[in-house]
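Let's take a friendly walk through a structure together. Keep the 3D view open and turn it as you read.

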Amino acid sequence: MLLESIRLAFGAIWRNALRSLLTVLGVTIGVAAVITMVTLGQGTTAEVGESVASLGSNLLMVRPGQFSQTPGGGGVGVASLEEADAEAIARQVDSVRIVAPTDSRSLTALAGGVDLFTTVIGTDNRYLDAREWKVAEGRLFEEGEVLAGASVCIVGAGVVDELFGGGSALGESIRLRRLVCQIVGVLERKGGSAFGANEDDVIIVPLRTFQRRISGNTGVTLIYVAAQDEAAITQVKDDVTALMRERRHLATNEENDFMVMDMRQIASMLDTVMGVLTGLLGAVAGISLVVGGIGIMNIMLASVTERTREIGIRLAIGARESQVLLQFLVEATVLSGIGGLIGIVLGLALAALGAAYLGVPFTPDLLVVLLAFGFSCLVGIGFGYFPARRAARLDPIEALRHE
Amino acid sequence: MQAAEAPPLVELRGIEKVYGTGEGQVRALDGLDLAIRRGEFVAVMGPSGSGKSTAMNVIGYLDTPTGGEYLFDGVPVQSVMRQQRTLLRRSFLGFVFQGYNLLSRNTALENVELPLTYRGIGGQRRRELARRALHRVGLAGREEHLPSQLSGGQQQRVAIARAIVSNPALLLADEPTGNLDTTRARDIMNLLVELNRDDGITVVMVTHEADMAAYCQRRIHVVDGRVDTEAGGSGAA
């Protein structure tokens, strides 16, 4: 009986192919949205996880302000950090392997008539050590260059690709606003990206150079602290926090006006952001599934009216109410199931395109696909029930008289 | 008489069917008394609006009377629930309509199989029974034809095959020849007579044509929702 109903349902849907396709559009869009978003979300999460791993789990970041104070993380109304803070951490906190003060700006770099919007970081060799970045060509900064604030820079492999067409860049000059600096080193190619930023797309200059010629102040926006090992990280974090509170003269009842983040924290922060995005898109998908369900209900009601006579015949020759109910319920479910399948194919295709565009891995999840399909079938059952019941409760005599 | 000892297959006692209320009230049946025995071939006649079709629907459990008593094979059934009426209908009854009422997108064989499908009879056996019924009504070889590829008379034969495939005790035919020319109508009547005589199926037919009613053993005239006169038959009260 069920097989018979499914066969009948396919027949009925096929006869009205165009109408059926339009009907299931809502379900298709809903399912496609869910699949695209979840698949991309998982890809991004995997990517973020990798980035966090690439930064190293024994790394801490100290920055001025709290998220609640300044969303941009800058120093509006909050005292910025100083190079002296970094030196104090290096001297006074135990189990610290390395401390690197940094400041950075996004700006346009010019070389030989080509320009490139990139990230410039002002720091010194300790930053490269903390990030475990190696110089492939040329050399690190010399101590004299760092102290004097010389016009030299170390560039990522991506910058060489963009500005010098992949040729040798050592000894060439790059203009960064008022600063013209000479390339003394090229970093090893890393290939990956952290938080959407290409790690090869970076220019590093000595901190003093950066402060004098680019930022125009003596502030430091981010201090990297590498613990000796992962086990020490909690202790180091507490000590750094205590030291910074003392250095910033915070009373015991005052909140921190700086943040010490470890990579796990950053990862969980990103997770939260992803969660909010997922929730929003999920709500959109949910609404479109409901709209799709109403579409199916509408078309099933039309179908019941159209086929009143057929239903009358079936009832008169011995169909039970439950058999008529099943027939129409199966039809609605097959309809929404087809919509779901189209949505799954569409969603996976969009996710594959999106993943390629965003540079995150394409990770289709069978469970998500099955869930989406199950959900679309449930929509059919839910919204198909009312029309199906209406069909089953038709009065056979009235139905037979229906033209 | 022996037949008098067994209860009638269908017995209607003072059946009333009232539509609407107050001024617009219509009394389609107004105290209809009727008894039909097994093996009879009965014509229910009357002018349009006489209530003969309503009587047929009541006998076929398609309609519930608003008053009176209905006994099927000696068992009162007017009070049973809709679902049980469906069960009774599919266990004991076969219907033939004036307009054939075939499913136009299904072949002759599929149409005849349908009642068996709803009775849970599967595959091979269902097809075999349907094939036999089509053969019985003289349509062997037309199994795969769609209703639109058959003449009116042939379509009505398919409908009759569909009605008898489930082996009903009672065949109800509502103006079965109403849409057919005289020759075809006579063929259908001869088929019904044969089914009644050779297969022992009790047949109740609603008609307003006297020459079709002439095929029946017993003719009941219904006027204004009541039995007016009766002719022929053996067990007439």
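Which residue in β4(B) is the bridge partner of B:Glu11? The partner is B:Leu71. Before going on, a word on the model: it is predicted, so local features need pLDDT of at least 70 and side-chain atom pairs count only at pLDDT 80 or more, while totals for chains, interfaces and linings use all residues. Residues are numbered from 1 along each chain as its sequence is written, and chains are lettered from A and ligands numbered from 1 in the order in which they are written.

Let's stay with the sheet in chain B. Helices (H or I, at least four residues) and strands (E, at least two) are DSSP runs, numbered from the N terminus, and two strands pair if DSSP finds at least two bridges between them. Here four strands make an open, antiparallel sheet in the order β2-β1-β4-β5 (chain B). β2 (26-36) and β5 (75-76) of chain B are at the edges with a single partner strand each, so one side of each has no neighbour in the sheet.

Now look at β1 (residues 10-19) of chain B, which pairs with β4 (residues 67-72) of chain B in the antiparallel sense over five bridges. Along this pairing, B:Leu12 stands opposite B:Tyr70. Eight bridges join β1(B) to β2(B), again antiparallel, and there B:Val18 stands opposite B:Arg27. The hairpin of these two strands has six residues between them, and B:Gly20 takes a positive phi near 75°.

Next come two helices. α3 (residues 108-118) and α5 (residues 152-164) of chain B pack at an angle of about 30°, with axes 7 Å apart; axes are lines fitted to C-alpha atoms, for helices over the stretch in contact, and angles run from 0 to 180 degrees between N-to-C directions. That makes α3(B) roughly parallel to α5(B), a term for angles under 35 degrees. Residues are in contact if their C-beta atoms, placed from the backbone, lie within 7 Å. Among those making the contact are B:Leu114 of α3(B) and B:Val158 of α5(B).

Finally, find where the chains meet: 14 residues from chain A and 18 residues from chain B take part. On chain A, α11 (308-316), α12 (321-358) and α14 (396-401) each supply at least two residues of the side that touches chain B.

Methods
Two residues are in contact if their C-beta atoms, placed from the backbone, lie within 7 Å. Angles under 35 degrees count as roughly parallel, over 145 as roughly antiparallel, 65 to 115 as roughly perpendicular and the rest as oblique.
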